[in-house]
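Thanks for coming, everyone. Please take a look at the structure on the screen before I start.

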Amino acid sequence: MALLDPPNRHLDGEGSVQVHLDPGLRIGKAKVFAVYGKGGIGKSTTSSNLSAAFSLLGHRVLQIGCDPKHDSTFTLTKRMMPTVIDVLESVEFHAEELRPEDYTFEGFNGVRCVEAGGPPAGTGCGGYVVGQTVKLLKQHHLLEDTDVVIFDVLGDVVCGGFAAPLQHAERALVVAANDFDSIFAMNRIVAAINAKAKNYDVRVAGVVANRSAATDEIDRFGEATGMKRLAHFPDLDAIRRSRLKKCTLFEMENSAEVELARAEYLRLAAQLWAGVDPLEAKPMKDRDIFDFLGFE
């Protein structure tokens, strides 16, 4: 990653100091998506099933998990993979000693999987880890034969490090349930995406409604801010069981609900591949979204 902003450079957001992307680390021709949302809302489930759907549509897919828990891709690989930070530490951070097979693993239907990991709690910046991961992938020419890259990003956006994937992405998706907490978080995430959009190509793509029977609050928020719902996945027991079975929905036993969810993921992947118009979403201030959500 590059150095911090010099004093005379336009910043990503008012009052912020952010790391800037080294031009040499641009991913290239692949379509790049970053998936955000409140912690525990189903970002990894969404990312992995979306990766599987893209692969089934014939695309070469790379999923990058950006969480120290390194649990983004296990439903694709059936294992907890070592992280980029783990393998770098094993060679005392001499990246030239690494081979692609040390940190990339093939998952369901050929999806290539990487777990970036993160520094120990309280000791470093997640943005550095994302930068080192992309640098390794480029050094080993692993992005040249990739059509789709999906960054699965941990929790809410709380600093420039967590927002680092937005420097690489073309579109950012937010996963949210039809409830107060995840919509409140979505509002702040949209603000972070808009801040990055001032200096980078990333734009808001829309919201994936997840774990919700209805979408009325999500849709009401969308009408007020300009957000658009891209897909809807109800709170299905099959999705819960797929995590326990360590597999994607596309490997679960057939049922009506599973077929509907698979079809929705395939539809979403096809829509994203065809191109999603950027949204001019305008998030609310915290106090305004607090007053807006809910009912008497």
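First, the ground rules. This is a predicted model, where local features need pLDDT of at least 70, side-chain atom pairs count only at pLDDT 80 or more, and totals for chains, interfaces and linings use all residues. Residues are numbered from 1 along each chain as its sequence is written, and side-chain values use heavy atoms, with hydrogens and water left out. Helices (H or I, at least four residues) and strands (E, at least two) are DSSP runs, numbered from the N terminus.

Now the helix pair. Find α5, residues 180-197, and α6, residues 216-225. They pack at about 25°, and their axes are 10 Å apart. That makes α5 roughly parallel to α6. The cut-offs: under 35 degrees is roughly parallel, over 145 roughly antiparallel, 65 to 115 roughly perpendicular, and the rest oblique. Axes here are lines fitted to C-alpha atoms, for helices over the stretch in contact, and angles run from 0 to 180 degrees between N-to-C directions.

Which residues of α5 and α6 make the contact? From α5, they are Ile 183, Met 186 and Asn 187. From α6, they are Glu 217, Ile 218 and Phe 221. Contact means heavy atoms within 4.5 Å. By class, that is four nonpolar, one polar and one charged. Nonpolar covers Ala, Val, Leu, Ile, Met, Phe, Trp, Tyr, Cys and Pro; charged covers Asp, Glu, Lys and Arg; the others, Gly among them, are polar.

Next, salt bridges. The rule is a side-chain nitrogen of Lys or Arg within 4 Å of a carboxyl oxygen of Asp or Glu. How many salt bridges does that rule give? The count comes to 15.

Stay on α6 for one of them. Asp 219 pairs with Arg 229, with the closest N and O atoms 2.9 Å apart. This pair links distant parts of the chain: Asp 219 sits in α6, Arg 229 in strand β8 (residues 229-233), 10 residues away. Asp 219 is partly exposed, at 24% relative accessibility. Arg 229 is partly exposed too, at 36%. On this scale, buried means under 20% relative accessible area, exposed over 50%, and partly exposed in between, with a 1.4 Å probe and protein chains only.

Now go to helix α8, residues 256-274. Glu 259 and Arg 262 form a salt bridge there, 3.0 Å from N to O. They are three residues apart, so about one helical turn separates them. Arg 262 is buried at 10%, while Glu 259 is partly exposed at 39%.

Glu 264 and Arg 267 are also bridged, at 3.0 Å between the closest N and O atoms. They too are three residues apart in α8, about one helical turn.

On to Asn 49, in helix α1 (residues 43-56). Is Asn 49 buried or exposed? Asn 49 counts as buried, at 3% relative accessibility. Beyond neighbours within four places in sequence, Asn 49 touches Thr 248, Leu 249, Phe 250 and Tyr 265.

Last, the backbone. Most residues other than glycine have a negative phi. Glu 92 has a positive phi of about 55°. Glu 92 lies in the loop between α3 (84-90) and β3 (105-106), and is exposed at 63%. Asn 109 also has a positive phi, about 55°. Asn 109 lies in the loop between β3 and β4 (112-115), partly exposed at 43%.
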